[in-house]
Amino acid sequence: MLNIQGLISGYGDINVLKGVDLTVNEGEIVGLLGANGVGKTTLLKTVSGLVKARGGSVDYLGTDLLRTPPVKLLGMGIAHVPQGRHIFSKMTVLENLQVAIDSVRKRVHAKEKLQYVFSLFPRLEERLNQLGGTLSGGEQQMLAVARALVTSPKLLILDEPSMGLAPIIVQNMFDAIRKIADDGMTILLVEQNAVAALDIVNRLYVMDMGSIVYRSSQITDQEMEKIKEVYLGFGH
């Protein structure tokens, strides 16, 4: 579905990405792990056209994303939930979701889409008429993910969905992500919470200093320990 080859990008005189190769197949949860500042968010922003690539290619279902304006991605079935949530703080929960539905002109089955995200995140239904800016951090993250889901994406890109959340909310979020994948969604998950991510991904990439330093086709218990200790610095 998504095929990234030799991707180079950065800011000013600095190349942050140094020839990244990464593939996401339909129906997978693919994890991209790594410490802060290694280029994970830059990769997602380059895929989404928010940072201009300096080399390489990004193919999505036969379309070259590097030649595609960012505003067209949602209509093509790519929903990117960035760090920081970026919800509309002065709109209600319902208004946030309705704006997302309207943005892709998919008002048909809108009720079913809303019911689906409320089944994943019951708190949102309880706070339907509450302003986004008055929600807790965890509720705002739920709203950001729900807003992406109501656009009926083919590929959901999540950038650090657990960042800053309490452990119980992190568990709820990852339970929801697993359910979304079980329902057929393809997901590219960028995370620092390796323990939570490793529990749900089908395949894994680890990034360091702008390059992919590890990739797995199958995550065994032995591989998981190696990933934690060698690549993510979780010593015994």
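View A. With a relative accessibility of 0%, Leu32 counts as buried (buried means under 20% relative accessible area, exposed over 50% and partly exposed in between, with a 1.4 Å probe and protein chains only). The model is a predicted one, in which local features need pLDDT of at least 70 and side-chain atom pairs count only at pLDDT 80 or more, whereas totals for chains, interfaces and linings use all residues. Residues are numbered from 1 along each chain as its sequence is written, and side-chain values use heavy atoms, with hydrogens and water left out. Leu32 belongs to strand β3 (residues 29–33); helices (H or I, at least four residues) and strands (E, at least two) are DSSP runs, numbered from the N terminus. Leaving aside residues up to four places away in sequence, Leu32 touches Leu22, Lys40, Leu43, Leu189, Val190, Glu191, Tyr205, Met207 and Ile212, where contact means heavy atoms within 4.5 Å.

**View B. The open sheet.** Four strands, in the order β2-β1-β4-β5, form an open sheet with antiparallel pairing; two strands pair if DSSP finds at least two bridges between them. The edges are held by β2 (14–24) and β5 (63–64), each with a single partner strand, so one side of each has no neighbour in the sheet. Eight antiparallel bridges join strand β1 (residues 2–11) to β2, and Tyr11 stands opposite Ile14 in β2.

**View C. Helix α1 on the sheet.** Helix α1 (residues 40–47) packs on the sheet and touches β1, β2 and β4 (53–60), its direction making about 110 degrees with that of β1. Axes are lines fitted to C-alpha atoms, for helices over the stretch in contact, and angles run from 0 to 180 degrees between N-to-C directions. Because six of its eight residues are buried, α1 is largely enclosed by the rest of the structure. These buried residues are Lys40, Thr42, Leu43, Leu44, Thr46 and Val47. After α1 comes Gly49, with a positive phi near 80 degrees.

**View D. Helices α2 and α3.** The axes of helix α2 (residues 93–103) and helix α3 (residues 110–120) come within 11 Å and cross at roughly 130 degrees. The two helices are therefore oblique to each other; angles under 35 degrees count as roughly parallel, over 145 as roughly antiparallel, 65 to 115 as roughly perpendicular and the rest as oblique. In the contact, Leu94, Leu97 and Ile101 of α2 meet Ala110, Leu114, Val117 and Phe118 of α3.
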